[in-house]
Each structure stands twice: as C-alpha cells, then as structure tokens.
Amino acid sequence: MDERTVLDILDRSGARLEGHFLLSSGRHGSTYMQCGRVFQHAEYAEKLCRALASRYSGIDAVAGPALGAVIMAYEVSRHLGCRNIFTERENGVMTLRRGFSIRPGERVLVVEDAVTTGGSVREVIEVCRSHGAEVIGVGALVDRTGGVNPFDVPFHALIQVHIPAWTAEECPLCAEGIPCVKPGSRPVPRADE
C-alpha cells in the first residue's frame, strides 16, 4: 500500500484534523492525527492492518498499548494468524492484566497507531521482554518521529508524516489568538517535568 492510499484513508476516516492543538509533548501544532477514527470503519482498519501485517511472518503474538492500539493489535494479529494482547497502565505502570501472558521465547510484534516519541511503545517492549519474549519489531500506521527510529528493534510505519510543532511562546496560532484544544489521550507534562 503506498503512502497516498494511506493518507487518503486517514482523510476519509477523519483522522487528520486541522486546527490548533496542544500535543502530549506540551508543544502546539496545526495538525493532529487522531488515528482512533480509522478504527470506526472496519473496512479501513482491515486494509491498513493487512498492509502492515504483510511485512511480518513467524509472529506468535501482537501486542499494543491500551487504549489506542487495542483494536489494531487484534486486526494485525488476525492477518498474521496469531493471538493478540494489550498492555495497560496500573498505578501508572504499563503491565499485562486481564489474564494475558507471554511465554518465554515468543516472537512478539508491538504495534501502535501513531508513534511520535515512542514512549508507550518502549514500555510495551519492556513488559514483553520482562516475560521473556523476543520483540521482533514495531509496526505503526503513522510515523511522526521525523525519520528517527526510537526503538532498539526494526520499526516500520505505513506512512511518515511531518507535523510542525512549536512551544506556546513561539506558536503562530497562539499569536493569532486561535483557541487551542487538547485532542489526545495522554496527559500533557507540567512545565516543571
């Protein structure tokens, strides 16, 4: 699947938002990728996850962080013919819950809808490794890293998107007085963090 097709699906699903956004990094941006909107549409999820799954073989399990990658992990695993699990935070720590387990030596693919800094994915990788898994790679729909692999395993995304971001002080949208909204699920770091 080429990047133009991926971007078309993101646009048709309403995943690419334009406006003034407070990003989870604390920076401001004029574009936000709300990839969860893709998963409202089974046909889009099927196409994108099939394209991502086609890059991998010999996988025992697909893992993703809750909440954003729960459906994605399921759909990618369906195309790979393996099981899927998700991690979630318990008392602020990423962990396996709900009776999920990973057997030592299992080959695990970690997935995420969009990767910017890779923080949540690194936590999932650590959880998998702590159970003895071999994490063979990370797959994503959208790569917002600027072309830098933030992981110690191979990373593949269906599309790479560059989205400019600014501090509040340098933000041209703030200067224009355009209201800023926070669309993401992660808390914005405090200025003293």
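What follows is a set of questions and answers on a predicted model.

Biologist: How far apart are the end C-alpha atoms of helix H2?
Modeller: Helix H2 covers residues 42-53, which makes twelve residues. At 1.5 Å a residue, the helix should span 16 Å. The model agrees with this, because the end C-alpha atoms of H2 are apart by 16 Å.

Biologist: Which residues of H2 are buried, and which elements are among those that cover them?
Modeller: The buried residues of H2 are Tyr44, Ala45, Leu48, Cys49, Ala51, Leu52 and Ala53.

Biologist: How many bridges join strand S1 to strand S2, and what is the bridge partner of leucine 22?
Modeller: Strand S1 (residues 16-22) and S2 run antiparallel and are joined by five bridges. In S2, leucine 22 has as its bridge partner histidine 28.

Biologist: Which residue in the hairpin of S1 and S2 takes a positive phi?
Modeller: This hairpin has five residues between the strands. The positive phi is near 95°, and the residue that takes it is glycine 26.

Biologist: What is the bridge partner of glycine 29 in S9?
Modeller: Strand S2 (residues 28-33) is mostly covered, with five of its six residues buried. Two bridges join S2 to strand S9 (residues 165-166), and these strands run antiparallel. In S9, the partner of glycine 29 is alanine 165.

Biologist: How many aromatic pairs does a search of the whole structure find, and why is the pair of phenylalanine 21 and tyrosine 32 tilted?
Modeller: The search finds three aromatic pairs. In the pair of phenylalanine 21 and tyrosine 32, the ring centres are 5.9 Å apart and the planes are at 45°. Planes under 30 degrees apart would count as stacked and over 60 as edge-to-face, so an angle of 45° makes this pair tilted.

Biologist: Where do phenylalanine 21 and tyrosine 32 lie, and are they buried or exposed?
Modeller: Phenylalanine 21 lies in strand S1 and tyrosine 32 in strand S2, so the pair ties together parts that are eleven residues apart in sequence. Both phenylalanine 21 and tyrosine 32 are buried.

Biologist: What kind of pair do the rings of phenylalanine 86 and phenylalanine 100 form?
Modeller: Their ring centres are 5.1 Å apart. Their planes are at 75°, so the pair is edge-to-face.

Biologist: Is phenylalanine 86 buried or exposed?
Modeller: The cut-off for buried is under 20% relative accessible area. Phenylalanine 86 has 16% relative accessibility, so this residue counts as buried.

Notes
Residues numbered from 1 in each chain as written. Predicted model: local features only at pLDDT ≥ 70, side-chain atom pairs only at ≥ 80, totals over all residues. Heavy atoms only, no water. Helix = DSSP H or I, 4+ residues; strand = E, 2+ residues; numbered from the N terminus. Expected span 1.5 Å × (residues − 1). Buried < 20%, exposed > 50% of the residue type's maximum accessible area, 1.4 Å probe, protein only. Pairing = 2+ DSSP bridges. Phe/Tyr/Trp six-rings, centres within 6.5 Å; stacked < 30°, edge-to-face > 60°.
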